[in-house]
Amino acid sequence: MSSEVGTEALTRRGLMLVLSSPSGAGKTTISRALLKEEDNLVMSVSATTRPRRPGEEDGKDYFFVEPVDFNLMINRDELLEHAKVFNHYYGTPRAPVETALSEGRDILFDIDWQGTQQLAQKAGDDLVSIFILPPSTAALEKRLKTRAQDSAEVIAQRMSKASEEISHWREYDYVVVNEDVDHCLAEVKAILKAERLRTRRRAGLIDFVNRLREGY
Ligand SMILES: Nc1nc2c(ncn2[C@@H]2O[C@H](COP(=O)(O)OP(=O)(O)O)[C@@H](O)[C@H]2O)c(=O)[nH]1
Ligand SMILES: Nc1ncnc2c1ncn2[C@@H]1O[C@H](COP(=O)(O)OP(=O)(O)O)[C@@H](O)[C@H]1O
């Protein structure tokens, strides 16, 4: 085992990785690919009041809930953050995030800028945020159309909100352009790797360095 791999495996704090983008830029695509390739990363499954799309699974893509149940979750303080996006409510269930972090796992969030701001206030240094941009307006519209899961009206609404969502790009730690999926994925993986190696996250380094110094 190389020394780099050895020290990388030392105990460290889990981190919270946020991906945001205008609808259709590729968050879901990048998230799925990242989860396949990264062992220590789990997805935060949001609750939403939006209708289920064909192919989406309850409990896997989202927890699809009625507005009354969403309100109950807010009142019971079961959501770490929540926001209204495109006339529907979306929120992050608190318990799975706390479990994952306490087990030293990293957790991936596909949430909008409002949720990212709320998490940044609560999580501080544990949060790493990435904004994904489409290569062009035309490409974004094409992707929303070829995904073929929303009506023409819903697609038009999402396109008209894209500029507003993009206006928050400066609030993020990193910005990547999703022109080519493999290239974008490689950039996101590089960010994750570097963030995992940050000194302040690597609690296990203290003992490692102490042992190392004792040898001199
Ligand atoms: N604040 C917040 N935003 C969320 C959450 N879950 C999803 N979103 C955002 O809601 C928006 C709409 O998501 P969705 O309906 O799945 O559409 P899509 O982004 O076009 O696939 C996206 O910007 C998501 O990132 C959540 O739990 N909290
Ligand atoms: N780099 C890319 N080039 C071409 N099509 C892409 C690319 N990334 C994603 N797509 C496609 O664009 C559509 C929207 O992507 P999706 O991941 O659902 O976006 P989001 O989750 O941000 O709304 C999907 O049909 C997806 O297959």
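These legends describe close-up views of a predicted model. Local features need pLDDT of at least 70, side-chain atom pairs count only at pLDDT 80 or more, and totals for chains, interfaces and linings use all residues. Residues are numbered from 1 along each chain as its sequence is written, while chains are lettered from A and ligands numbered from 1 in the order in which they are written.

**View 1. The annotated domain spans residues 14–193.**
The UniProt annotation, from an unreviewed entry, reads "domain: Guanylate kinase-like". UniProt positions follow the numbering used here, feature names are shortened, and annotations may be inferred rather than shown by experiment. The span is 44% helix and 23% strand. Its end C-alpha atoms lie 12 Å apart. Helices (H or I, at least four residues) and strands (E, at least two) are DSSP runs, numbered from the N terminus.

**View 2. Five strands build an open, parallel sheet.**
The order is β2-β7-β1-β8-β9. Strands β2 (41–43) and β9 (174–177) stand at the edges with a single partner each, so one side of each lacks a neighbour in the sheet. The twist averages 25° from one strand to the next. Two strands pair if DSSP finds at least two bridges between them. Strands of a sheet pair through backbone hydrogen bonds, either parallel or antiparallel.

**View 3. Strand β8 (residues 127–133) pairs with β9 and with β1.**
The β8 and β9 pairing is parallel, over four bridges. Here I130 stands opposite Y174 of β9. Helix α5 (residues 113–123) packs on the sheet, touching β1 (16–20) and β8. The direction of α5 makes about 160° with that of β1. Axes are lines fitted to C-alpha atoms, for helices over the stretch in contact, and angles run from 0 to 180 degrees between N-to-C directions. Strands β1 and β8 pair in parallel over five bridges. S20 has F131 of β8 as its bridge partner. Five of the seven β8 residues are buried, so the strand is largely enclosed by the rest of the structure. Buried means 20 or more other C-beta atoms within 10 Å of the residue's own, exposed 12 or fewer, and partly exposed in between; C-beta atoms are placed from the backbone.

**View 4. Ligand 1 is surrounded by 19 residues.**
The closest are S23, S46, A83, Y90 and G115. A residue is near a molecule or strand if its C-beta atom, placed from the backbone, lies within 6 Å of it. Elements giving two or more residues to this shell are α2, β5 (79–85), β6 (88–93) and α5. The shell has five nonpolar, nine polar and five charged residues. Nonpolar covers Ala, Val, Leu, Ile, Met, Phe, Trp, Tyr, Cys and Pro; charged covers Asp, Glu, Lys and Arg; the others, Gly among them, are polar.

**View 5. Ligand 2 has 15 residues around it.**
G26, K27, T28, T29 and R143 come nearest. Helices α2 (27–37) and α6 (137–147) each give two or more residues to the shell. Its residues divide into two nonpolar, eight polar and five charged.

**View 6. UniProt places a "binding site" feature at S21, P22, S23, G24, A25, G26, K27 and T28.**
The entry is unreviewed. S21 is found in the loop between β1 and α2. S21 is buried, with 27 other C-beta atoms within 10 Å. Leaving aside neighbours within four places in sequence, S21 contacts G26, K27, F131, I132 and L133. Contact means C-beta atoms, placed from the backbone, within 7 Å. T28 sits in helix α2. T28 is partly exposed, with 15 other C-beta atoms within 10 Å.

Technical notes: Contact = placed C-beta atoms within 7 Å.
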